[in-house]
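User: I want to learn how to read strand pairing and aromatic pairs in a model. Can you take me through one?

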Amino acid sequence: METYHNEAKIGEIAKTVLMPGDPLRAKYMAETYLERPILFNTVRGMLGYTGSYKGKPVSVMGSGMGIPSIGIYSHELYSHYNVDNIIRIGTAGAYDETLDIYDLLMIQDAFSDSTYARCQSGFAGNIIPASQGLCRKLRASAESLNVPMKEGRIHSSDVIYYNRSKDEVPYWIQVRDQYGCLAVDMESFALFHNAAVFGRQAACLLTISDQKVTMKHATPEEREKRFTAMMEVALNIL
């Protein structure tokens, strides 16, 4: 039985789901890496596929942008479709100058000033860890593939475009210095929270697409062709 946002039937989604933000990246992953991918969702254009990788079942599905969007989709995957593991594979903007464009970052925990967790379940904190079991598997996967990977805290923000006083210290610098965040995304916090609520597993691999300190940016063409390492590291844990 489907939900309002997902037309898949029970059993059509694998126990492990990889979630890029962009549904077209999910399509690319399915067509590039999966054996016999089957499209299970087209509702609102949020494409989802199930296939196999080296004989192991796996699904890939877009999450959309932002905490509310991944909050909906991950909640339904855990609660309705009984998914065990979700690995977010997306992009991030670096707050730390030691991170360069295309670096791979595995998230240890997520800080957010979002009200999502408080409204959703009454959680009063602002930092939520990733699932250490999945993180260990991703670390081992990266090592086996000889893919360099850094680790640290992410800032999961509700806002991309800030309009603050020019005299004020930029907000991202305040967050970086106070909470030790290496980079920013818009989804990890909600994913980790939902996993904790349902007693499931969640992890996050991010490719640096923008550098806030040096102002370097990946082009759309580069984003399409250079972000495959995180996909291969995630798939390799199967």
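**Strands first, then rings**

Analyst: Tyr49 stands opposite Val60 in β4. Keep in mind that this is a predicted model.

User: How many bridges join β3 to strand β4, and how do the two run?

Analyst: The two strands run antiparallel, and 6 bridges join them. Strand β4 covers residues 56–61.

User: What joins strand β2 to β3?

Analyst: Here 4 bridges join β2, residues 35–41, to β3, and the strands run antiparallel. Leu39 stands opposite Tyr49 in β3. The hairpin of β2 and β3 has 6 residues between the strands. Arg44 in this hairpin takes a positive phi near 60 degrees.

User: How should I read the faces of a strand?

Analyst: Start from the general idea. In a regular strand, side chains alternate between the two faces of the sheet. Now the case of β3. One side holds Gly48, Thr50 and Ser52, and the other holds Tyr49, Gly51 and Tyr53.

User: Which of those faces of β3 are covered?

Analyst: Both faces are covered, and the residues on each side are all buried.

User: Now the rings. What describes an aromatic pair?

Analyst: Two quantities do: the distance of the ring centres and the angle of the planes. A search of the whole structure finds 5 aromatic pairs. One of them is Tyr95 with Trp172, with ring centres 5.4 Å apart.

User: Why is the pair of Tyr95 and Trp172 called tilted?

Analyst: Their planes stand at 35 degrees, so the pair is tilted. Stacked would need under 30 degrees, and edge-to-face over 60.

User: Where do the two partners sit in the chain?

Analyst: Tyr95 lies in the loop between β5 (85–94) and β6 (104–111). Trp172 lies in helix α5, residues 171–179. They are 77 residues apart, so the pair links distant parts of the chain.

User: Is Tyr95 buried or exposed? And Trp172, buried or exposed?

Analyst: Tyr95 is buried, at a relative accessible area of 3%. Trp172 is buried too, at 15%.

User: What about the rings of Tyr162 and Tyr171?

Analyst: Their centres are 5.5 Å apart. The planes are at 50 degrees, so this pair is tilted. Tyr162 is partly exposed, with a relative accessible area of 34%. Tyr171 counts as buried, at 17% relative accessibility. The cut-off for buried is under 20%.

How values were computed
Residues are numbered from 1 along each chain as its sequence is written. This is a predicted model: local features need pLDDT of at least 70, side-chain atom pairs count only at pLDDT 80 or more; totals for chains, interfaces and linings use all residues. Side-chain values use heavy atoms; hydrogens and water are left out. Rings of Phe, Tyr and Trp (its six-membered ring) pair if their centres lie within 6.5 Å; planes under 30 degrees apart count as stacked, over 60 as edge-to-face and the rest as tilted. Buried means under 20% relative accessible area, exposed over 50%, partly exposed in between (1.4 Å probe, protein chains only). Two strands pair if DSSP finds at least two bridges between them.
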